[in-house]
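Reader: I am new to this structure. Could we go through a few of its features one by one?

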Amino acid sequence: MIPDFEVTILGNTSSIPVHGRHHTAQLVRFGQDFLLLDCGEAMQLQARAFKVKVSKINHIFISHLHGDHYYGLIGLLSSYSLAKRTTPLTIFGPRGLDEIITTNFRYSNTKLPYPLHFVETCDDGLNLLLEDKLYKVYSFPLNHRIPTTGFLIREKQGLRSMIKEKLQESKVPLAAIQTLRSGRDFTDQNGKIYKVKEYTHPLPALRTYAYCSDTIFNPELKQYLKNVDLLYHESTFMDDNAERAATTFHCTAKQAAEVAKVGKVKKLLLGHFSSRYLHLEPLLDEAKSVFPNSILSEEGQSYSI
Ligand SMILES: [Zn+2]
């Protein structure tokens, strides 16, 4: 069975939370695993509104230390403490985040009842952060005003499934089944060859999600976007504010679409909208003029990957 792989948007606004939109936070679900990408200040309320069980989150990834991407983190960690969580939690984030957390809890005299691990991210190249039996999470560098990384969640190659008719047709030894399912041909002691191609179904395409939180326009991101099914890319401004986008190290919707286009991703999800825009359709129109398979992220919506 193919595990569910989806992202739920909990917040998609930049700078000031207005127009019913909230600071960046999103939840990626892979099968039974829940990964939190960034944790803006309203994350807990949003999770409650959209019936997301925060207790299931065991890994949190923070892209950078601008407040609109992590001011909800101390609150979430405190709530886990009040809920008497005992499950270990790992936070991946830039240098300094562990100090911010430790300082907060030192001055509030908070003793966490659960083990909290911190893994420092590095904004240099592609780095493997987490490997599960079903997926891997990598960080990759974004070009913003302070050290920032995006995150890539790639499905791993699973075992092949056997063709039932073939199994019924001939008695296939158990050792052969194990070898074939792992993708290798098998030769028995009489020299009979069991070929992967003949005995197993082709593997389904592996799915990948890419998250680009805050970045200046950078088509070179394409090197990290190979075979990406869904790309969330910040699109803070419209094209008439391209200059402002560049000076603040952000992107326009059109530039996000350019990245999607050169990266040859399948679908683009726009987010991190400036508070100056009440209506977002014009941003979508600009993106679509470059990359037709673009959509606006909507808080509370889940997008299948
Ligand atoms: Zn930022």
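Reader: Which residue lies over the face of Tyr-199?

Author: Bear in mind that this is a predicted model. Lys-166 lies over that face, at 5.2 Å from the ring centre of Tyr-199. Another case is Arg-85, whose charged end sits over the ring of Tyr-80, 4.4 Å from its centre.

Reader: How is a pair of aromatic rings described?

Author: By the distance of the centres and the angle of the planes. In this model the count comes to eleven aromatic pairs. One of them is formed by Phe-151 and Tyr-211, which are stacked, with 6.4 Å from centre to centre and 5° between the planes.

Reader: Which parts does the pair of Phe-151 and Tyr-211 tie together?

Author: Phe-151 belongs to strand 9 (residues 148-155) and Tyr-211 to strand 12 (residues 208-212), so the pair ties together parts that are 60 residues apart in sequence. Phe-151 is buried, with a relative accessible area of 0%, and Tyr-211 is buried with a value of 0%. Ring pairs also link Phe-151 and Tyr-211 into a cluster with Phe-61, Phe-92 and Tyr-232.

Reader: What is the phi of Asp-38, and is Asp-38 buried or exposed?

Author: Asp-38 has a positive phi of about 60°, although it is not a glycine. Asp-38 is in strand 3 (residues 33-39). Asp-38 counts as buried because its relative accessibility is 0%, and buried means under 20%.

Reader: Where is Lys-264, and is Lys-264 buried or exposed?

Author: Lys-264 is in the loop between helix 8 (253-262) and strand 14 (267-271). Lys-264 also has a positive phi, of about 55°, without being a glycine. At 70% relative accessibility, Lys-264 counts as exposed, since the cut-off for exposed is over 50%.

How values were computed:
Residues numbered from 1 in each chain as written. Predicted model: local features only at pLDDT ≥ 70, side-chain atom pairs only at ≥ 80, totals over all residues. Heavy atoms only, no water. Helix = DSSP H or I, 4+ residues; strand = E, 2+ residues; numbered from the N terminus. Buried < 20%, exposed > 50% of the residue type's maximum accessible area, 1.4 Å probe, protein only. Phe/Tyr/Trp six-rings, centres within 6.5 Å; stacked < 30°, edge-to-face > 60°. Lys NZ or Arg CZ within 6 Å of the ring centre and 35° of its normal.
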